[in-house]
Amino acid sequence: GLDRFNPFFPAEAAQELAEENIRLIETVLSNTRDHLEAEVLILGVTKGHDLAELEMSPLTYPVRPSSEVRYPTADILKKLLTGKEIAESPLRIGSMIARRDVEVSISAKHVVSRHLAILAMTGGGKTVAARRIIRELIDINYPIVIFDPHGDYLGLYENRANFPDTEIKLFFPKIKAEKENIETIVELVRKFGANFTEPQEALFSGLIANTDPRGGSSAIEYLQDLQDRVDAIKDMDKNDRPLWAKDTNNLSFVPVNRKLGKVKTAIAQMERNNEAQRNKFKHVYDFDEMPDPRDEPEGIVKPGQVSIFYLAGYDHLTQSAIV
């Protein structure tokens, strides 16, 4: 950056002149001796004059006055920013703000092998950066799954003609109840704040352990089955109840039923909200129901496919609860 100042006309003097209504010409102050002061970012110090070799070391001492300062070329900056491993499937994510001739790339190998966080304030360009990385991964045929709660990535589907070698699919979540994923239903009940007392917890656990979902039933249908069974057991004579429910206090049945109904209603509302949002785009986008990840994992994740899960309306669910 550049700073301009005049040591013979300090800011304090200007303030005093303004307050006293004194003209500059009536003083001995000078306004013709401006100094320019530049601030630079020192990348390092080289041995010799051949910058192409980039034998650069960190600067560990103040710069000597009158030292030669060189403006780095685009090739030098690229090497400094990307290093040597960038040759392995580089992802080109943009260019430097002040140097449009300098492309900035990151290694695909490092991005997809570990966690990646894109951090910035609101409006700082996080979504744009993510879209750019996704586009670059598409170009190298990498399998991609996107959880999209706000529809930020639906444009990939709209512009799918730009990716002729990639299949872009839009899915909406449909929470199924299967014997193998009962823990998902339990997690949903917990996430909706269905806090049980100890006797209620015993009843709920017994219901889950002894009520298998019907084949192909949804989470809503399974929760209704649990409610129906709670009512049926409550109306039984104690001696006719299942062994796991014989000691259940009669006062536990109604609150467990009510809490299960609350969760069922919330899930149904979220599904309706999601459907309403999808209907707004039905003339532009084709949404498919989410495949079962246990039976059809390749329907979700495979090379040459981008799977976008449109989660609008599912504000209270985490991604792990859906897939």
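Colleague: How do the axes of helix α6 and helix α8 cross, and at what angle?

Modeller: Start with the idea of an axis. It is a line fitted to C-alpha atoms, for helices over the stretch in contact, and angles run from 0 to 180 degrees between N-to-C directions. Helices (H or I, at least four residues) and strands (E, at least two) are DSSP runs, numbered from the N terminus. Here, α6 spans residues 182-191 and α8 spans residues 219-234. Their axes come within 11 Å and cross at roughly 80°. So α6 is roughly perpendicular to α8. The cut-offs are these: under 35 degrees is roughly parallel, over 145 roughly antiparallel, 65 to 115 roughly perpendicular, and the rest oblique.

Colleague: Which residues make the contact of α6 and α8?

Modeller: Contact means heavy atoms within 4.5 Å. From α6 come Ile182, Ile185 and Val189, and from α8 come Ala219, Tyr222 and Leu223. By class, the contact of α6 with α8 has six nonpolar residues, no polar and no charged. Ala, Val, Leu, Ile, Met, Phe, Trp, Tyr, Cys and Pro count as nonpolar, Asp, Glu, Lys and Arg as charged, and the others, Gly among them, as polar.

Colleague: What kind of model am I looking at?

Modeller: This is a predicted model: local features need pLDDT of at least 70, side-chain atom pairs count only at pLDDT 80 or more, and totals for chains, interfaces and linings use all residues. Residues are numbered from 1 along each chain as its sequence is written, and side-chain values use heavy atoms, with hydrogens and water left out.

Colleague: Which residues of α6 are buried?

Modeller: Buried means under 20% relative accessible area, exposed means over 50%, and partly exposed lies in between (1.4 Å probe, protein chains only). In α6, the buried residues are Ile182, Ile185, Val186, Leu188 and Val189. They sit on the same side of α6, because they cover an arc of only 155° around the axis. That arc is taken from the directions that run from the helix axis to the C-beta atoms.

Colleague: What comes just after α6?

Modeller: Gly193 does, with a positive phi of about 75°. Then look at Ala194, in the loop between α6 and α7. Ala194 has a relative accessible area of 6%, so it is buried. Beyond its neighbours within four places in sequence, Ala194 is in contact with Val189, Lys259 and Val263.

Colleague: Where else is there a positive phi, in a residue other than glycine?

Modeller: First the general idea. Most residues other than glycine have a negative phi. Now the case: Asn141 has a positive phi, near 65°. Asn141 is in the loop between α4 (126-139) and β7 (144-148). Its relative accessibility is 39%, so Asn141 counts as partly exposed.

Colleague: How do α7 and α8 pack?

Modeller: Helix α7 covers residues 198-210. The angle between α7 and α8 is about 120°, and their axes are 11 Å apart. The crossing of α7 and α8 is right-handed. A crossing is left-handed if the near helix is turned anticlockwise from the far one by less than a right angle, and right-handed if clockwise. Leu207, Ile208 and Asn210 of α7 meet Tyr222, Leu226, Arg229 and Val230 of α8. That contact of α7 with α8 has five nonpolar residues, one polar and one charged.

Colleague: At what angle does α7 pack with α9?

Modeller: About 60°, with the axes of α7 and α9 (residues 253-280) 9 Å apart. So α7 is oblique to α9. This crossing of α7 and α9 is right-handed. On the α7 side are Gln200, Leu203, Phe204 and Leu207; on the α9 side are Phe253, Pro255, Val256, Lys259 and Leu260. The classes in the contact of α7 with α9 are seven nonpolar, one polar and one charged.

Colleague: Where is Phe5, and what does it touch?

Modeller: Phe5 is in strand β1 (residues 2-5). Leaving out residues up to four places away in sequence, Phe5 touches Arg33, Asp34, His35 and Glu37. Phe5 and Asp34 are 29 residues apart in sequence, yet 5.5 Å apart in space, C-alpha to C-alpha.

Colleague: Which strand holds Gln305?

Modeller: Strand β10 (residues 305-310) holds Gln305. At 1% relative accessibility, Gln305 counts as buried. Among the residues that Gln305 touches are Tyr142, Thr166, Phe171 and Glu298.
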